[in-house]
Amino acid sequence: MQRPSRQMSNRTSGSELDWGIILILLLFMIIGLSSIFEAALNSQYGTMQSALRATIVQGVFWVLGAIIIAFLLRFDASQLWRLAPVAYGLGIFLLVAVLIFYNRGMAAATGAKSWFVFGPVSFQPSEVVKPAFILMLSRVVAQHNRQYEHHDVHSDWLLLGKMALCFLPVAVLIAMQNDLGTLLVFMAIFGGVALVSGVTWRILGPVIAAVAAIGITLLALVTSATGKQILDALGFKLYQFDRIQTWLHPDQDTSSSGYQTYQSLKAIGSGQLTGQGFGHLKVYVPVRESDMIFSVIGESFGFIGGALLIALYFILIYRLIAATFKAQNAFYAYIATGVVMMLLFHVFENIGMNIGLLPLTGIPLPFISQGGSSLLGNLIGIGLILSIGYQQQNATFKESTGFSM
């Protein structure tokens, strides 16, 4: 496989930075920091000091993320190509390390062995592994399609096998952390890249049907005593059963396992059309500054505020896809697909669980929820796509690799 030419490091006169994406990020930063301050101030033990501290810490991660984006803008396609296995290897190392050095207090509180803790700052390595996984998966697909210009059943199964080999180490390590929500994100990334990889629907159709059948079977097992015993033997945890039961029957238990969802629904419902206004939160929602941050938007600014936030996400996704088409390059297209799937799944799952449409999974709302490692992972993904417009590829890359849209 001939690697992308080093000549790509020189930007063309058409190189540009997508200021539309930058503007949306600034809006997200304002919304996120103000929502975190409001949620922290109105938490069970919230004070002005603790709210300011939480907001400042999140602001520091925004600054760090901006620095990382500026750094990534210097990477052209050939450099990202070489960076992919390095980033992936470092990600695997971090996922192994956290299983050994995870914080026992966080594990006891959340049930997941996913965090390092350094003084007052916690760090979840799986969040920054997401863009590293996207890079490596994109390289695997692009390299395979370069070697096999014509798709057939044999080459497509071989491609899926290569993708699975890239996915399995990450999946196993995250499963060992007991972090089902994060594992679902990686599955969404894998599925999105597979859909655009060129694999024939004669293969994708039955695979999707099999996945759907497995999902329906799992739901059926959860609703029966015998099924729960089977899932328990497979490693499912009690809190995971509770979350699914709460999702299926939200009105059966509003005081314990269903309390968080019930309170979120009350908060969003109390916002009605225009909301209670900033600083007027009245409904208590546990862990509101992170997983349930959308309830802050709903209560403060009502349906209109929530709809505008969702519209911002769709505008961002549109601009990310548009930036990819400027490149007309398959490697970039796979990277962008992975980033878009990562963000879409986060938004869909987080807002869905806040309004009771989906079970609780602990997945944060991109750019809004409190959490430095999640914010960094998302900003790294944005930085990778911004580099597409900033580092326009030239004919040398196409000639040396044969990649095209």
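User: What counts as a helix here, and in which helix is G338 found?

Analyst: Helices (H or I, at least four residues) and strands (E, at least two) are DSSP runs, numbered from the N terminus. G338 is found in helix α13, residues 330-354. This is a predicted model, in which local features need pLDDT of at least 70 and side-chain atom pairs count only at pLDDT 80 or more, while totals for chains, interfaces and linings use all residues. Residues are numbered from 1 along each chain as its sequence is written, and side-chain values use heavy atoms, with hydrogens and water left out.

User: How many helices and strands are in the protein?

Analyst: The protein has 15 helices and two strands.

User: Is G338 buried or exposed?

Analyst: Buried means under 20% relative accessible area, exposed over 50%, and partly exposed in between (1.4 Å probe, protein chains only). G338 has a relative accessible area of 0%, so G338 is buried. In the protein, buried residues make up 51% of the 405 residues.

User: With which residues is G338 in contact, leaving aside its neighbours within four places in sequence?

Analyst: Contact means heavy atoms within 4.5 Å. With those neighbours left aside, G338 is in contact with I134, I189 and V193. G338 and F190 are 7.5 Å apart in space, C-alpha to C-alpha, and 148 residues apart in sequence. For the protein, 73% of the contacts with a separation of 6 or more are between residues 24 or more positions apart.

User: At what angle do α5 and α13 pack?

Analyst: Axes are lines fitted to C-alpha atoms, for helices over the stretch in contact, and angles run from 0 to 180 degrees between N-to-C directions. For α5 and α13 the angle is about 145°, with the axes 8 Å apart. Residues of α5 that meet α13 include I134, L135 and R139, and G338 is among the α13 residues they meet. The residues of this contact of α5 with α13 divide into nine nonpolar, four polar and three charged. In that scheme Ala, Val, Leu, Ile, Met, Phe, Trp, Tyr, Cys and Pro count as nonpolar, Asp, Glu, Lys and Arg as charged, and the others, Gly among them, as polar.

User: What is the handedness of the crossing of α5 and α13?

Analyst: A crossing is left-handed if the near helix is turned anticlockwise from the far one by less than a right angle, and right-handed if clockwise. The crossing of α5 and α13 is right-handed.

User: How do the axes of α3 and α5 cross?

Analyst: Angles under 35 degrees count as roughly parallel, over 145 as roughly antiparallel, 65 to 115 as roughly perpendicular and the rest as oblique. The axes of α3 (residues 77-101) and α5 (residues 125-147) come within 8 Å and cross at roughly 140°. That makes α3 oblique to α5. Their crossing is left-handed. By class, the contact of α3 with α5 has 17 nonpolar, three polar and two charged residues.

User: What of α5 and α6, and how do their axes cross?

Analyst: The axes of α5 and α6 (residues 153-176) come within 10 Å and cross at roughly 165°. The two helices are therefore roughly antiparallel to each other. α5 passes α6 in a right-handed crossing. Among the residues making the contact are F133 and H144 of α5 and S155 and L158 of α6. By class, the contact of α5 with α6 has twelve nonpolar, five polar and one charged residues.

User: Is S155 buried or exposed?

Analyst: S155, found in helix α6, is buried, with a relative accessible area of 2%. Leaving aside its neighbours within four places in sequence, S155 is in contact with H144, Y148 and H150.
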